[in-house]
Amino acid sequence: MSQQTQAQPGERLQLADRHLVLTSSGRTSRFHYVWLRDNCWCDQCRVSQSGERQLFTAHIPDDIAARDAQLDAGAGEVRLHIRWNDGHESSYDTAWLMAHD
């Protein structure tokens with residue numbers, strides 16, 4: 001599996017079997033799918049008031065992978081949207097991802 005998308009100049013996304021590669025502002029980082037899925041902050045995965053996890057890392061399937069992903073530029077930020085092979089959807093601020101590489 002290899003898919004590439006680009007939201008704006010300097011932003012690029014490439015999907016691989018076990019990770020994705022994100023290029024932002026000339027810097028390239030690799031993010032493992034388990035780490036990304038574990039760091040989803042949606043209301044299904046975290047308690048919004050406390051940030052407490054509702055998803056346990058050990059419950060993430062070893063074969064978790066992005067079915068598709070896209071970069072979306074708007075409102076002063078670029079967001080990465082991922083649709084997972086377990087049916088879940090996640091959204092990440094690319095600046096946050098690059099800060100946590």
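**Strand pairing and nonpolar core of the predicted model**

An open sheet of three strands is present in the order S5-S6-S7, with antiparallel pairing. Its edge strands, each pairing on one side only, are S5 (66-74) and S7 (89-93). On average, and with direction ignored, neighbouring strands of this sheet are turned by 20 degrees against each other; axes are lines fitted to C-alpha atoms, for helices over the stretch in contact, and angles run from 0 to 180 degrees between N-to-C directions. Helices (H or I, at least four residues) and strands (E, at least two) are DSSP runs numbered from the N terminus, and two strands pair if DSSP finds at least two bridges between them.

The model is predicted, so local features need pLDDT of at least 70 and side-chain atom pairs count only at pLDDT 80 or more, whereas totals for chains, interfaces and linings use all residues. Residues are numbered from 1 along each chain as its sequence is written, and side-chain values use heavy atoms, with hydrogens and water left out. The predictor's confidence in each residue is given as pLDDT, from 0 to 100. For the protein chain the mean pLDDT is 90, and 91% of the residues reach 70 or more. Among its elements, H1 has the highest mean pLDDT (97) and strand S1 (residues 3-5) the lowest (57).

Within the S5-S6-S7 sheet, S5 and strand S6 (residues 77-84) run antiparallel and are joined by eight bridges. Gly74 has Glu77 of S6 as its bridge partner. Ala75 is found in the loop between S5 and S6. Its phi is near 55 degrees, a positive value in a residue other than glycine. Most residues other than glycine have a negative phi. Ala75 is exposed, with a relative accessible area of 86%; the classes are buried (under 20%), exposed (over 50%) and partly exposed in between, computed with a 1.4 Å probe on protein chains only.

Strand S3 pairs with both S2 and S4. S2 and S3 are antiparallel over five bridges, and a hairpin of three residues joins them. In this pairing Arg12 stands opposite Thr23 of S3. Six bridges join S3 to strand S4 (residues 27-32), again in the antiparallel sense, with Leu22 opposite Ser29 of S4. The S3-S4 hairpin has two residues between its strands, and Ser25 in the turn has a positive phi of about 55 degrees. Ser25 counts as exposed, at 68% relative accessibility. By contrast, six of the six residues of S3 are buried, so this strand is largely enclosed by the rest of the structure. His19, Val21 and Thr23 point one way from S3, and Leu20, Leu22 and Ser24 point the other way.

The largest nonpolar core has 23 residues. Such a core is a set of buried Ala, Val, Leu, Ile, Met, Phe, Trp, Tyr and Cys residues joined through side-chain atoms within 4.5 Å. Leu20, Tyr33, Leu36, Leu80, Ile82, Trp84 and Tyr92 have the most contacts inside this core. Two or more residues each are given to the core by strand S2 (11-15), strand S3 (19-24), helix H1 (33-38), S5, S6 and helix H2 (94-99). The largest share, four residues, comes from S6. Leaving aside neighbours within four places in sequence, Trp84 is in contact (heavy atoms within 4.5 Å) with Tyr33, Leu36, Arg37, Ile64, Ala65, Ala66, Arg67, Glu89, Ser90 and Tyr92.
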